[in-house]
Amino acid sequence: MAADWEEIRRLAADFQRAQFAETVLRLSERNCIEIIAKLVQDKKLDVVHTLDGKEYITPAQIHREIRDELYVHGGRINIVELQRIINVDWVHVENRASDIAKSDKGVQLVLGQLIDDNYLDHLAEEVNDRLQEAGLISISELCKNYDLPGDVLIEELSKRLGGIVQGEMDQYKKGVIFTSAFVARHKARIRGLFSAITRPTPVSSMISAFGFQEHLLYSVLEELVNSGRLKGTVVGGRQDKAVYIPDIYSKTQNAWVDSFLLQNGYLEFDALARLGIPDPTSYIKKRFRSNKLLFLRAACVGQALVDQVEASVEEAVNSATWTDIQPILPSCLSMDDIGILISQALRNINVQSSTRLLGGTVVVSDKFIGNCLSVFDEAIQQKAQKEVKSNLVFLITEEDPKQACVLAESSVLSKKEKREAERRKKSTEGSGNVKAGGGGNAREIRIRKTKKKGRKDEDTDEETGSSQQTCSKQAEAFFMAQEEIVAVLEEQVRDCPQEILSELAEHLVRPLTKTYQEVLRSVFMSSTSTLSGANMKKSIKDLQEEITNLYNNIRLFEKGTKFFSDETQVLIAKHALKTVCTDVTNILVNFLAADLMMSVENPSAMPSEVRVKMLCKLPDETKGPLMKLHNCLNGKTIEDFLINMEICADVCGIMLKKGDKKKERQALFLHRQTLTEQLKETEDPALVLHLTSVLLFQASTHCMLHAPGRCVPQIIGTLIGRIPSEKQQLLSAYQSLVVKQLVSQSQGRTGKQEDAEGEENKAEGLNEESRNIQVQLMSLTPQVKELVLSQRKTSMTEE
């Protein structure tokens with residue numbers, strides 16, 4: 001103590017001398033700062049200035065002050081707080097703190113905090129006190145209390161287990177620490193509780209009811225079961241669905257399962273689940289490893305039941321009958337399970353290819369189905385014979401259902417089609433037949449008569465629409481409806497359920513239809529061969545003469561179109577292409593199709609779709625030119641058709657002879673004679689007007705004309721200046737009356753569809769006007785006919 005005071009007196013004396021000493025050199029504060037900055041810059045001095053700039057501090061001093069503050073704060077301090085206390089930049093504090101943590105193993109930097117071992121030892125002591133009091137403590141709770149990460153706490157507390165911390169950590173869950181007394185207490189509770197269990201019990205329910213630690217419970221339970229202290233098993237592992245099954249229950253359960261399988265030959269998974277078996281499939285596979293079982297979706301069946309199914313199926317196959325498997329199967333099996341069982345049985349005896357499964361449970365042999373098909377053989381032959389006589393179904397094939405649809409439409413002719421067939425015949429007579437030479441003008445006159453303003457051939461459109469709607473139903477030659485097949489089977493097959501007959505009939509529809517089509521085609525081929533032989537008697541010379549006459553008539557018709565405007569020429573050309581030119585094309589195609597036994601009796605009534613079908617069957621050398629000729633029918637000029645017709649005739653070996661003046665005069669005479677005969681017979685004003693105008697045109701221009709009814713006004717227009725004015729006036733007056741009559745008839749049909757009372761007076765007025773027009777037409781019709789007939793008498797007299 002005296003030495004310390006002596007030291008103090010010495011220092012005080014030194015301080016006094018320094019105060020009274022005279023100053024030799026005096027530096028200002030600014031000069032001192034500059035000198036220190038220069039030394040720091042030259043790295044001759046290592047100092048750090050404080051945040052307020054009034055002091056300099058060395059790194060060693062910072063290191064000492066950090067150590068002092070760590071000690072003062074009990075071994076744990078935040079770097080942010082150190083920076084505030086030391087009053088230097090945060091970077092310098094962090095660097096010195098990192099150096100301390102690296103150099104001293106007893107200090108570590110955790111989340112921006114310096115922590116030494118003294119603090120951790122103190123923390124471990126506190127944790128141990130709480131652990132001894134509670135018996136169990138979780139790391140997550142310690143993380144909240146001490147604001148430290150769980151990994152650090154687990155690592156540091158694990159080092160101190162058995163020392164400062166008197167406890168152990170859960171092996172499966174590192175976040176829990178418990179004491180030996182806690183484990184012993186819980187082990188005793190678990191042992192006593194599970195010893196008293198006599199039926200399967202979910203482990204999760206025991207955890208929630210008695211508050212056991214989950215991982216500790218599984219560990220202790222596994223230990224007790226493995227040591228044999230608890231007589232039972234844990235099924236399901238360490239999961240929520242884990243179940244403890246005591247041995248006494250397992251023995252009873254196994255005895256029931258064995259007995260049920262032995263007596264019934266199957267096990268239902270739902271029944272095992274009701275017994276408390278959580279995974280029936282695994283249980284059965286483990287329990288009956290040596291047994292041969294078939295696992296289905298909801299059950300498993302023994303080999304004895306499979307053998308019964310195989311025996312029933314084999315008997316049905318050998319006896320060419322059917323068998324219902326449902327009576328010998330358990331009622332608990334679903335339809336899917338029954339299907340799997342039957343499929344397996346069929347594979348076992350290798351009869352999959354010779355059987356069919358109907359209704360899900362009925363196995364039918366193919367021989368039985370074949371016997372059912374043979375029942376319809378006679379009916380197929382009879383219907384095929386009948387059908388061939390009336391329809392063009394011979395062209396129907398499965399590969400071409402679209403064409404089949406077209407043929408089905410064309411096989412049943414409506415009234416409209418019959419009328420057009422008759423008109424086509426007249427057209428042929430007038431345009432190319434050797435015996436007659438007129439035009440098919442009556443066809444278009446009749447169409448014009450039934451047309452309304454702004455509509456084109458409404459009847460044809462309606463019929464086409466209706467046929468398209470039923471096309472899908474007539475896509476193939478149909479033999480018999482399913483209901484009819486069922487009725488036949490009911491008479492032939494005995495003791496078969498109605499449901500099975502319906503499904504059997506459904507299976508028979510397609511093979512019966514296919515067989516019917518084959519028989520139908522065979523019958524047609526046999527009949528066609530005879531027909532073709534008869535057609536071959538017709539000499540090539542007759543065909544060549546017919547084609548040549550048609551060709552020359554078409555040329556003369558094309559010459560007559562030159563007197564009209566371009567627009568009218570297109571209308572006349574289209575009409576000729578649809579009538580005369582179509583007939584020529586049909587004759588050529590039908591002639592070549594006869595070699596393939598595909599010809600028809602009446603080529604003029606051949607639909608366009610049938611013609612295309614025939615073209616597709618022809619050889620390539622003839623199909624190409626004829627296809628071009630077919631495409632010309634949809635064109636707008638007759639000239640293109642004539643060019644392609646010459647090419648096709650050359651391909652077919654037919655020589656076309658262009659007519660000379662004599663033959664042209666003969667064709668003109670025949671055409672005029674045919675039209676005149678039609679004019680004599682008809683009393684229809686519209687037809688009279690049409691025929692008269694065409695005959696007057698031929699008489700004045702010496703050119704044949706094949707025009708539709710819609711071109712009558714243009715024809716009458718070309719006659720101006722070519723016939724006397726009084727004839728022109730009569731013809732024009734007659735034309736106006738015909739137009740009025742058509743308008744009146746159209747309004748009359750519309751009036752019949754209206755039921756309003758206010759229209760009665762109007763309808764009566766229309767009827768009166770229509771009667772007046774009819775009277776005038778009747779009086780003028782003989783005069784109009786005489787315009788042509790008088791010329792014919794004169795020419796005949798001259799001849």
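Mentor: Start with a definition: helices (H or I, at least four residues) and strands (E, at least two) are DSSP runs, numbered from the N terminus. This is a predicted model, in which local features need pLDDT of at least 70, side-chain atom pairs count only at pLDDT 80 or more, and totals for chains, interfaces and linings use all residues. Residues are numbered from 1 along each chain as its sequence is written, and side-chain values use heavy atoms, with hydrogens and water left out.

Trainee: How many helices and strands does the protein chain have?

Mentor: There are 35 helices and 17 strands in the protein chain.

Trainee: What makes E6 and R9 a salt bridge?

Mentor: The term requires a side-chain nitrogen of Lys or Arg within 4 Å of a carboxyl oxygen of Asp or Glu. The closest N and O atoms of E6 and R9 are 3.0 Å apart, so the pair qualifies.

Trainee: Where do E6 and R9 sit relative to each other?

Mentor: Both belong to helix α1 (residues 2-20). They are 3 residues apart, so about one helical turn separates them.

Trainee: Why is E6 called partly exposed?

Mentor: Buried means under 20% relative accessible area, exposed means over 50%, and partly exposed is in between (1.4 Å probe, protein chains only). E6 has a relative accessible area of 47%, so E6 is partly exposed.

Trainee: What about E7 and R10?

Mentor: E7 forms a salt bridge with R10, with the closest N and O atoms 2.2 Å apart. Both residues lie in helix α1, 3 residues apart, about one turn of the helix. E7 has 35% relative accessibility, so E7 counts as partly exposed. R10 has 42%, so R10 counts as partly exposed too.

Trainee: Which residues are linked in a network with E7?

Mentor: E7, R10 and D14 are linked in a network of salt bridges. The structure holds 13 salt bridges.

Trainee: How do you know that R297 and D336 form a salt bridge?

Mentor: Their side chains meet at 3.2 Å, N to O. This pair links distant parts of the chain, 39 residues apart. R297 is in the loop between β13 (294-295) and β14 (299-301), while D336 is in helix α16 (residues 335-349).

Trainee: What makes the nonpolar surface patch?

Mentor: Patches are made of residues with over 30% relative accessible area and no salt bridge; like charges are joined within 9 Å, nonpolar side chains (Val, Leu, Ile, Met, Phe, Trp, Tyr) within 5 Å. I35, L39, V40 and L45 make one of about 270 Å². Accessible areas come from the Shrake-Rupley method with a 1.4 Å probe; for residues, only the protein chains shown count as cover. I35 lies in helix α2 (residues 29-41). Its relative accessible area is 43%, so I35 is partly exposed.

Trainee: Why are α26 and α27 called roughly parallel?

Mentor: Helix α26 (residues 566-578) and helix α27 (residues 580-593) pack at an angle of about 30 degrees, with their axes 3 Å apart. Angles under 35 degrees count as roughly parallel, over 145 as roughly antiparallel, 65 to 115 as roughly perpendicular and the rest as oblique. That makes α26 roughly parallel to α27. Axes are lines fitted to C-alpha atoms, for helices over the stretch in contact, and angles run from 0 to 180 degrees between N-to-C directions.

Trainee: Which residues meet there?

Mentor: A576, L577 and K578 in α26 meet V580, C581 and T582 in α27. Contact means heavy atoms within 4.5 Å.

Trainee: Why is T323 called buried?

Mentor: T323 has 15% relative accessibility, so T323 counts as buried. T323 lies in strand β15 (residues 322-324). Leaving out residues up to four places away in sequence, T323 touches S312, V313, A316, T361, V362 and V363.

Trainee: And what makes V220 buried?

Mentor: V220 has 4% relative accessibility, so V220 counts as buried. V220 lies in helix α11 (residues 214-227). Not counting residues up to four places away in sequence, V220 touches K187 and I190.

Trainee: How much of the protein chain is buried?

Mentor: Buried residues make up 41% of the 799 residues.
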